[in-house]
Amino acid sequence: PSFLKDLKDLSHEFARRGDQLKKQVMMQESHESQSRRSRSMQAAPVMRVSSMREATMMLEENFGQSMPLDERKRLTDAFKHLEEVSNQYEMELRGRAKKGGVADEHHEDGRLSFKEFEREMMRGGVNWLGREELQHLFDSMDADGSGKLNLGELQCTAIRLTDLADRVQRFYEENEGMSAENCLLEFGHLLQMGSDLVGSQTRPLIPDCYISASSCHLNHPEHGFGQMWRSRLDSDESCWIASDKDETPWLQWRFPSRREIRAVATKGNPNAAFWVTSFKIRYWEDEIEDDEPLPAEDDPRWKEYQLKKHSVTLEGNFDMNTRKDNFLVPFVASCVRICPQDKHGPCYSMRASLYGSFRPPPQTSERDFELFCKNFEGLSRPPAKSTPPTRLTLKRPKSPDHRDSQSRS
């Protein structure tokens with residue numbers, strides 16, 4: 001694309017100089033002879049030829065010494081200018097161009113270095129990214145870690161972007177009443193969170209028997225006893241409610257294989273003013289077989305979610321139904337627990353879900369997470385209690401009729 005763009009610029013410069021000559025000839029004094037003017041006007045099309053040699057030959061054959069000296073000089077200067085530009089560009093392609101006494105960086109192996117990538121992004125009009133952000137983008141595309149982008153890596157990125165554009169379009173069509181700006185914001189928010197790893201009532205991604213809790217209030221089914229589907233995020237009939245005597249409650253999800261956890265979403269009790277205001281996360285990294293019992297509470301292999309080797313208490317909800325999203329430094333686990341710390345109301349009550357990836361990649365560093373928070377400032381912070389925001393949500397089907405745990409499993 002850069003080569004074609006430069007050729008286009010050269011042709012435009014060629015035409016521009018020809019048009020300038022034509023205008024100058026047309027504005028000449030009326031006392032000039034008609035024959036001279038006609039010969040000068042015929043010189044303008046010569047500026048549009050693509051070959052320097054052909055232009056020079058045409059100039060000599062068609063006009064010879066009969067062309068006025070000043071017009072002949074203008075044409076000669078134009079040819080020299082174009083020749084200089086073309087020679088300079090040829091030198092740049094061969095890596096011999098110098099800028100400020102330092103050789104420019106080019107490679108003849110067909111791969112892009114970061115410096116070339118940065119220059120091409122600027123030429124393409126992508127000028128809103130800083131150098132650090134461009135470097136982060138370059139590194140994410142450099143799959144083999146060679147420090148250069150090959151054709152395969154560029155094609156892979158193009159395919160991903162095409163798929164992403166299709167997903168945005170489908171998301172926009174599914175949310176007809178949403179403005180384009182809000183649609184992009186909502187889609188970006190969901191994209192950063194990843195896939196729902198728990199699932200909804202109508203489309204569960206893990207069975208209800210893989211969801212458990214430390215206790216249920218009064219051992220009542222409406223509080224989750226034997227019906228843990230009530231703890232799913234889209235449940236609007238009731239939720240999980242821990243026993244009022246449980247001092248260390250937890251809500252747990254167990255997965256058939258390891259998952260990458262990126263975010264957690266929570267809601268309060270849909271029927272009463274009960275909700276969890278803060279919580280911690282514990283997780284089990286190793287895979288657990290179906291017939292294997294759950295790890296004991298005091299097993300040292302349980303890990304607590306931390307940042308910079310310090311325990312983290314995440315912010316919960318401030319009302320019954322507003323969804324609260326917490327972004328996490330991604331970690332890999334086969335079993336995850338939410339451990340409520342504080343509550344509003346007499347009992348710990350919540351609906352929750354986990355988000356991330358079904359295919360865990362290499363672990364993300366805390367630096368990547370800090371860069372993400374910088375670019376998406378405010379997404380992981382709780383909204384102000386005084387003015388709860390109205391969150392844009394996907395259209396969801398109505399909740400199914402009441403079903404017992406056995407039929408749902």
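Arg131 counts as exposed, since its relative accessibility is 55%; exposed means over 50% relative accessible area, buried under 20%, and partly exposed in between (1.4 Å probe, protein chains only). The structure is a predicted model, in which local features need pLDDT of at least 70, side-chain atom pairs count only at pLDDT 80 or more, and totals for chains, interfaces and linings use all residues. Residues are numbered from 1 along each chain as its sequence is written, and side-chain values use heavy atoms, leaving out hydrogens and water.

**Exercise 1. Find which residue forms a salt bridge with Arg131, and say where the two lie.**

Step 1: Apply the rule, which asks for a side-chain nitrogen of Lys or Arg within 4 Å of a carboxyl oxygen of Asp or Glu. The partner is Glu118, with the closest N and O atoms 2.7 Å apart.
Step 2: Glu118 belongs to helix 5 (residues 114-123) and Arg131 to helix 6 (residues 131-141), so the bridge ties together parts 13 residues apart in sequence. Helices are DSSP runs of H or I with at least four residues, strands are runs of E with at least two, and both are numbered from the N terminus.
Step 3: Check the cover. Glu118 is buried at 17% relative accessible area, whereas Arg131 is exposed.

**Exercise 2. Describe the salt bridges of Arg123 and Arg230, then give the count for the model.**

Step 1: Arg123 pairs with Glu120, and their closest N and O atoms are 3.3 Å apart. These two are three residues apart in helix 5, so about one helical turn separates them.
Step 2: Both are partly exposed, Arg123 with 41% relative accessible area and Glu120 with 30%.
Step 3: Arg230 meets Glu237 at 3.8 Å, N to O. Here Arg230 is buried at 4%, while Glu237 is partly exposed at 28%.
Step 4: The count by this rule is 10 salt bridges.

**Exercise 3. Which residues form the patch of negative charge on the surface?**

Step 1: Select residues with over 30% relative accessible area and no salt bridge, then join like charges within 9 Å. Asp and Glu count as negative, and their charges are placed at CG of Asp or CD of Glu.
Step 2: The patch holds Asp286, Glu287, Glu289, Asp290, Asp291 and Glu292.
Step 3: Take Asp291 as an example: this residue sits in the loop between strand 7 (275-284) and strand 8 (303-304), and is exposed at 71%.

**Exercise 4. How many helices and strands does the chain have, and what share of residues is buried?**

Step 1: The chain contains 10 helices and 13 strands.
Step 2: Of its 409 residues, 39% are buried.
Step 3: Among contacts with a separation of 6 or more, 74% join residues 24 or more positions apart.

Note on methods: Patch = residues over 30% accessible without salt bridge, like charges linked within 9 Å, V, L, I, M, F, W, Y side chains within 5 Å. Areas by Shrake-Rupley, 256 points an atom, 1.4 Å probe, with all protein chains shown as cover. Contact = heavy atoms within 4.5 Å.
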